[in-house]
Amino acid sequence: MNSQAGTSQTGTSQAGASSYRIAGIPGDGIGVDVTVEARKVLDRAAESHGFSLSWQEFDWSCERYTKTGSMMPEDGIEQLSRFDGIFLGAVGFPGVPDHVSLWGLLIPVRRAFTQYVNLRPVRLLPGTTSALAGRGAEELEMVIVRENSEGEYSEIGGRHNRGQVNEVVLQESVFTRVGVERIIRYAFELAKTRTGRVCSATKSNGLIHSMPFWDEIFAEISSEYPDVHAEQCHVDALAARMVQAPDRLDVVVASNLFGDILSDLAAAVTGGLGMAPSGNINPSGEFPSMFEAVHGSAPDIAGQGIANPVAQILAGAMMLDHLGETVAAQDVHAAVEKVLEEGAVRTPDLGGKSTTAELGSAVVAALS
């Protein structure tokens, strides 16, 4: 695992050991189920490595929205700014439109704290199988570097003549030189610590302004990294490559929308969304970063004790790594791999009959 730049400010316990202030937002559905187990694992890892995690939990969720009309309070961003990290469960529940839950919590946090990198590492873990026949773990490991603050996810636009036959909807994309340069440069720097390969997702044959602009900046920055192999690929062809030749990919850098779609596809071919963590990274460390599983809130199985907590646990490992506790993060990864490889404790999505709590407890035991 590669430690990411931008460690947050940390507090210090009375004994002199590091203490990190973590805001926990369990969210909705299985987000609540899996964050409980992930916290057990992270607290055990912290205990083993001589630091502590000081948790404060927030009930910001769709349930809160139905009661108060808002996903979080007006001073929510100010409250979160006092923490070293944010640990988010899945958000979303029937009855609350997805755009309300997303724009009421997740996206405001990402933008207020300049979390312009959405980092999504994906790989086939030991003891699990890919949806791709005949592919092994050595062929299925990559990381998606998704631009997280602008691009296609813009508030600019509107609906006119709503409900009429001449209704018009405008949705504008926003790409800035600063935004594109910094995400592409991050991808190149990350590639230097891995295999030295970067692939840029583009669609310049269809999006006449934004993607040629992206391509030009990718070429400019590529010239600064002669030791990194750089290529660009149309996003539709890149999606096909993830299925047909995933071993040809390592670091993939993409715009907000393309990165969102590609990272779900990458997770699907490397064991499923229940195994995929992500980090919303503020590389400078000026603001806290936020860590979450890629999967959704799955309200159909919420509270049944059968959700897979691995993605949330691995998101916690990413958080530890970002805070500078790299060895502890590596131990969490190793514990997850040990449990999965042994195969005695598996949730239904992995072909087993174990509960969410049993899998979480097995990872805790593997850390001991």
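**Exercise 1. Which side chain meets R120 in a salt bridge of 3.6 Å, N to O, and which other residues join in?**

Before we start, a quick word on the model. It is a predicted model, where local features need pLDDT of at least 70 and side-chain atom pairs count only at pLDDT 80 or more, while totals for chains, interfaces and linings use all residues. Residues are numbered from 1 along each chain as its sequence is written, and side-chain values use heavy atoms, with hydrogens and water left out.

Step 1: A salt bridge is a side-chain nitrogen of Lys or Arg within 4 Å of a carboxyl oxygen of Asp or Glu.

Step 2: apply the rule. The side chains of R120 and D260 meet in a salt bridge at 3.6 Å, N to O.

Step 3: see where the partners sit. R120 belongs to strand β5 (residues 117–123) and D260 to helix α8 (residues 256–269), so this pair links distant parts of the chain, 140 residues apart. Helices here are DSSP runs of H or I with at least four residues, strands are runs of E with at least two, and both are numbered from the N terminus.

Step 4: look for a second partner. D264 also forms a salt bridge with R120, and the closest N and O atoms are 3.6 Å apart. Because D264 lies in helix α8 and R120 in strand β5, this pair ties together parts that are 144 residues apart in sequence.

Step 5: zoom out. R120, R146, D260 and D264 are linked in a network of salt bridges, and the structure holds 18 salt bridges.

Step 6: check the accessibility. Buried means under 20% relative accessible area, exposed over 50%, and partly exposed in between (1.4 Å probe, protein chains only). R120 has a relative accessible area of 5%, so R120 is buried. D264, at 30%, counts as partly exposed.

**Exercise 2. At roughly what angle do the axes of α9 and α10 cross?**

Step 1: know what you're comparing. Axes are lines fitted to C-alpha atoms, for helices over the stretch in contact, and angles run from 0 to 180 degrees between N-to-C directions.

Step 2: read off the geometry. The two axes come within 7 Å and cross at roughly 160°.

Step 3: name the arrangement. Angles under 35 degrees count as roughly parallel, over 145 as roughly antiparallel, 65 to 115 as roughly perpendicular and the rest as oblique. α9 and α10 are therefore roughly antiparallel to each other.

Step 4: list the contacts, meaning heavy atoms within 4.5 Å. V310, I313, L314, A317, L320 and D321 in α9 meet residues of α10 including T326, V332, H333 and V336.

**Exercise 3. Which residues of α10 and α11 make the contact?**

Step 1: start with the axes. Those of helix α10 (residues 326–342) and helix α11 (residues 356–367) come within 8 Å and cross at roughly 120°. The two helices are therefore oblique to each other.

Step 2: pick out the residues. D331, V332, A335, V336, K338 and V339 of α10 make the contact with L359, A362, V363, A366 and L367 of α11.

**Exercise 4. Is M242 buried or exposed?**

Step 1: find M242. This residue lies in helix α7 (residues 235–244).

Step 2: check the number. M242 has a relative accessible area of 0%, so M242 is buried.

Step 3: meet the neighbours. Leaving aside those within four places in sequence, M242 is in contact with L132, M142, I144, L249, V252, L262, L265, A266 and V269.

**Exercise 5. Where is T114, and what is its phi near?**

Step 1: recall the background. Most residues other than glycine have a negative phi.

Step 2: look at T114. Its phi is near 50°, a positive value in a residue other than glycine, and T114 is placed in the loop between α4 (98–112) and β5.

Step 3: compare with another case. A298 has a positive phi of about 40° although it is not a glycine, and A298 is found in the loop between β13 (289–293) and α9 (310–322).
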